[in-house]
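This report examines side-chain packing and confidence in a single protein model. The sequence and structure are shown first.

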Amino acid sequence: MARVWLKVGSLASVSKIFLRNCRDRQLLQKNGVRLMSSRASFKASDVEIDFCSPSQLRPKPAVKDLVFGVSYTDHMLEIEWTEADGWGKPKISPFHYLNMHPGAKVLHYACELCCLQLFEGMKAYRTCSGKIAMFRPDMNMQRMIRTAERACLPTFDADELIILLKKLVAIDQEWVPHTESSSLYIRPVIISHEEVLKVEQPRKALLYVLLLPTGPYYTTGYNPVSLLADPQYVRAWPGGCGDSKMGSNYAPTLAIQKEAMKAGHSQVLWLFGPEQRITEAGAMNIMIFLDKGNGERELVTPPLDGLILPGVTRASLLELARSWREFEVNERDITMGELLEHSRNNRILEVFSCGTAAVVCPVGQICYKGKTIRIPTLEHERPLTTRMFDAISDIQYGRTIHPWSVPVE
């Protein structure tokens, strides 16, 4: 355990140096806007579009062959930013590789706490009426701006980027799968590609957006997964960036996931602190449905206390559950000790993770310190997990009319 905390402390030291350098230059900002920049945000109306020629059009994979994160559409969006001039004009152009200096900050600090790279993950869907819609893009943009502020990267007007995303999706609309089992993944990214190695607030950045048609996230289908809960590993810590959508929150988890998969598990259940608080499952939020033993039921998810990514799907499921008024819905701490006690009393009804890629993923068992906690998530007549999946999917694919579904016009 000491070895893990040593690494955390080292990252925290690097973070303090980075943030101190940023704070030293905060006089140049007001309300998150860099005053030296002539353009506080780009304008969607300024977009320049360079359409693909027929020879540049990329072959579209069959729906049955779609795998998450592999195929890219014909066009991409790019917007340059510099400290001196602010945001440049948005450009939509044929998909291409990025040309980058080997000393670019993002290539050296993207896996540190002072991460100079951030991203978002969202989707567009072809609805049952044949139209295309995005799911709650405003929430993704709000989170992206919060992460940019945390990473000392430039912020922007959320509405302007949403307009540009709609335009990009409309241009590549034929890449949106004509099936309700698939969707178009939207990946906005901001990186610092400044050619300076010094750990400090960047003076140069690039916002770009990629589109990827994708099939189901889990190729094995909608089946309960097994999680490994090992308290010697932590995903995030107080004062860190666990609540930000940064690359630095993902790369360090891959080795632990690999160990979990070697042991026959699908993902890691992340714990924190001596009380072993449950935080997240893999790269997703987690929810636990309990029988309180008095005829009442409770849906529990860890609170947004800085360790948890504020997921869009998480927020949506909580809003839906509260609107149903059928059981208690609480954002509170839950520990492995409490979970074990509920397991002994047969009061764990369901456990599921949730996120953009998979919507929800049922959990069938959790392995902890040599013990296996078995969970009957999909063994009920009408599982809450399946009901949640159907409710979100119905909105996304237009079977339920809802303001969360935003048309791409």
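Which residues does S183 touch, not counting residues up to four places away in sequence?

## Surroundings of S183

In this predicted model, S183 touches K123, A124, Y125, P177, L212, P213, T214 and Y397, when residues up to four places away in sequence are not counted. S183 lies in strand β10, which spans residues 183-191. Its relative accessibility is 2%, and S183 therefore counts as buried, the limit being under 20%.

## Aromatic pairs

A search of the whole structure finds 9 aromatic pairs. One of them joins Y72 and F95 in a tilted arrangement, with 5.2 Å from centre to centre and 35 degrees between the planes. This pair links distant parts of the chain, 23 residues apart: Y72 belongs to the loop between β3 (48-49) and β4 (75-82), and F95 to the loop between β6 (91-94) and α2 (105-109). Y72 is partly exposed, at 25% relative accessibility. F95 is also partly exposed, with a relative accessible area of 23%.

The rings of F135 and W404 form an edge-to-face pair, because their planes stand at 85 degrees, over the 60 degrees required. The ring centres of F135 and W404 are 6.0 Å apart. The two residues come from distant parts of the chain, 269 residues apart: F135 is in strand β9 (residues 132-135), and W404 is in the loop between α8 (384-396) and β21 (405-407). F135 counts as buried at 7% relative accessibility, and W404 counts as buried at 10%.

## Ring cluster and a charge over a ring

Ring pairs also link F42, W87 and F156 into a cluster.

A further arrangement involves a charged side chain: the charged end of R387 sits over the ring of W324, at 3.8 Å from the ring centre.

## Confidence along the chain

The average pLDDT of the chain is 89, and 89% of the residues score at least 70. Two segments have pLDDT under 50 throughout: residues 1-19 and residues 23-38.

Beyond four places in sequence, the model has 23 contacts for residues 1-19 and 31 contacts for residues 23-38. Where pLDDT is low, predicted coordinates should not be read in detail.

Conventions
Residues numbered from 1 in each chain as written. Predicted model: local features only at pLDDT ≥ 70, side-chain atom pairs only at ≥ 80, totals over all residues. Heavy atoms only, no water. Phe/Tyr/Trp six-rings, centres within 6.5 Å; stacked < 30°, edge-to-face > 60°. Helix = DSSP H or I, 4+ residues; strand = E, 2+ residues; numbered from the N terminus. Buried < 20%, exposed > 50% of the residue type's maximum accessible area, 1.4 Å probe, protein only. Lys NZ or Arg CZ within 6 Å of the ring centre and 35° of its normal. Contact = heavy atoms within 4.5 Å. pLDDT = per-residue confidence, 0-100.
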